[in-house]
Each structure stands twice: as C-alpha cells, then as structure tokens.
Amino acid sequence: MACKIQFLPSGAIARVSAGTSLLEAARSVGLPVASACGADGLCARCGMQILEGDAGRETPAEVEIKRSNRIDPQHRLACRIRVTGDLVATATYW
C-alpha cells in the first residue's frame, strides 16, 4: 500500500510503501533530519510533530528516550514511526 506523507511547512510530499520509516520518507524528498544515532532511536534528534493521520502508539521506550533527551512530549521520533497510512508532519527545523 502506498502512503502519502506531506511535510509542512515545505509542502514536500513523499509517496512511500507502508512500513517505511518517517525518517526515510523525509529524507527521500530531500528534507534534512538530524540523527546522530544512525536511526536507532537513541538520540531523539529526529523529533517531528504529527499534524494529521495515525502514527501509531508510542512505546514506553520512545517516551523514555524523549524524556531523557528533553524532547517535546508532543513530538514523535521519526526513526521509530513506521508509516501505515497518510500523514502530515512538521519539524521546527524546516
């Protein structure tokens, strides 16, 4: 299943297969996303806010990683989200 991911405010749109990480989707359209841990979900630098769509539930590990790295609780770790449907996302650094 193809999923449409729109990134605001850039307006870039990625069309990716279900199961692709949100981090990979952003990079596929040339958007810079910080990641110091190699997308292992440890550095929490790939935080994005999901504006529309279902990004799934946060795991307790993701909550703890965000807490220990002082990441806004409303943000999700893009490397931990596997796309299952259409989403609209934003990041403070675009």
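**Salt bridges, one by one**

I started with Lys66, which makes a salt bridge to Glu58, with 2.3 Å between the closest N and O atoms. I'm keeping in mind that this is a predicted model.

Next I looked up accessibility for that pair. Lys66 comes out buried at 3% relative accessibility, because the cut-off for buried is under 20%. Glu58 is partly exposed, at 31%.

Then I went to Glu62 and Arg76, whose side chains meet in a salt bridge at 3.0 Å, N to O. Glu62 sits in helix α2 (residues 60-68) and Arg76 in strand β4, so this pair ties together parts that are 14 residues apart in sequence. Buried or exposed, I asked of Glu62? Glu62 is buried, at 2% relative accessibility. Arg76 is buried too, with a relative accessible area of 10%.

I also checked for shared partners: salt bridges join Glu58, Glu62, Lys66 and Arg76 into one network.

Last pair on my list: Arg82 and Glu24 form a salt bridge, their closest N and O atoms 3.7 Å apart. The two come from distant parts of the chain, 58 residues apart: Arg82 is in the loop between β4 (75-77) and β5 (87-90), and Glu24 is in helix α1 (residues 22-28). I get 45% relative accessibility for Arg82, which is partly exposed, and a relative accessible area of 44% for Glu24, also partly exposed.

For the tally, I noted five salt bridges.

Notes:
Residues are numbered from 1 along each chain as its sequence is written. This is a predicted model: local features need pLDDT of at least 70, side-chain atom pairs count only at pLDDT 80 or more; totals for chains, interfaces and linings use all residues. Side-chain values use heavy atoms; hydrogens and water are left out. A salt bridge is a side-chain nitrogen of Lys or Arg within 4 Å of a carboxyl oxygen of Asp or Glu. Helices (H or I, at least four residues) and strands (E, at least two) are DSSP runs, numbered from the N terminus. Buried means under 20% relative accessible area, exposed over 50%, partly exposed in between (1.4 Å probe, protein chains only).
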